[in-house]
Amino acid sequence: AGTMVCRPNLIGGIEARKLAVMSQPKRGLDLRAALDDDEASEERAKPLEERKEQLRVLLSASKKDIDKLVRNTQSVLTRLDIEEHHGKKLALLQERIGIEQKAAGRLCLNANRLLTFSFQTLETRIDWLQAKLKINKTQLRTIITRSPNVLTYSIEDNLEPTIDSIQSSLELRDKELTKMI
């Protein structure tokens, strides 16, 4: 007798996945037991929803904005300590560029990769931009609020070569570059 092949994506749902797994030979782990554990699956989903809500409050965003953010950048929810992990980054943006929490949240929604970087990486990029361009807090705020993605670019691979190229091709001194930007 031939073996029936079950395609979970065609049948759908947990029952189809159970059928597909049960037809496979055992390989160490008891996959059947894992699929039967619907309660564990619900428990994992609950913290996920709680983390989305924490992120929504932290960023002063709508549920729709958070759903879009998570769809585009799922890794923002991998940390269980949302407020601790992402809150530090928002505080850094507020302090270093002089914006309110809601504005910092909006920056993170517009440049969603900001939340995927470590605090140290974000701080390093802000420090580098300010030092390289020799700009004050107000000028830094203008640059970042106009183009928040500038903080998502690699210093070595993107920012430094681009700024150096602009400066050399236009034969600008540091002061002239700062005025231009």
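**Salt bridges along the helices**

Author: In this predicted model, D67 and K63 both belong to helix 5 (residues 63-72), where they sit four residues apart, about one turn of the helix. Their side chains form a salt bridge in which the closest N and O atoms are 3.5 Å apart. D67 has a relative accessibility of 23% and therefore counts as partly exposed, whereas K63, at 52%, counts as exposed.

A pair in helix 6 has a spacing of four residues, again about one turn of the helix: E84 and K88. The side chains of E84 and K88 meet in a salt bridge at 3.2 Å, N to O, and both residues are partly exposed, E84 with a relative accessible area of 44% and K88 with one of 43%. Turning back to K63 and D67, salt bridges that share partners join these two with E49 and K52 into one network.

In helix 4 (residues 38-59), R56 and E53 lie three residues apart, which is also given as about one turn of the helix. The salt bridge between the side chains of R56 and E53 spans 2.8 Å from N to O; R56 is partly exposed at 26% relative accessibility, and E53 is partly exposed at 37%. These pairs are among the eight salt bridges that a search of the whole structure finds.

Notes:
Residues are numbered from 1 along each chain as its sequence is written. This is a predicted model: local features need pLDDT of at least 70, side-chain atom pairs count only at pLDDT 80 or more; totals for chains, interfaces and linings use all residues. Side-chain values use heavy atoms; hydrogens and water are left out. A salt bridge is a side-chain nitrogen of Lys or Arg within 4 Å of a carboxyl oxygen of Asp or Glu. Helices (H or I, at least four residues) and strands (E, at least two) are DSSP runs, numbered from the N terminus. Buried means under 20% relative accessible area, exposed over 50%, partly exposed in between (1.4 Å probe, protein chains only).
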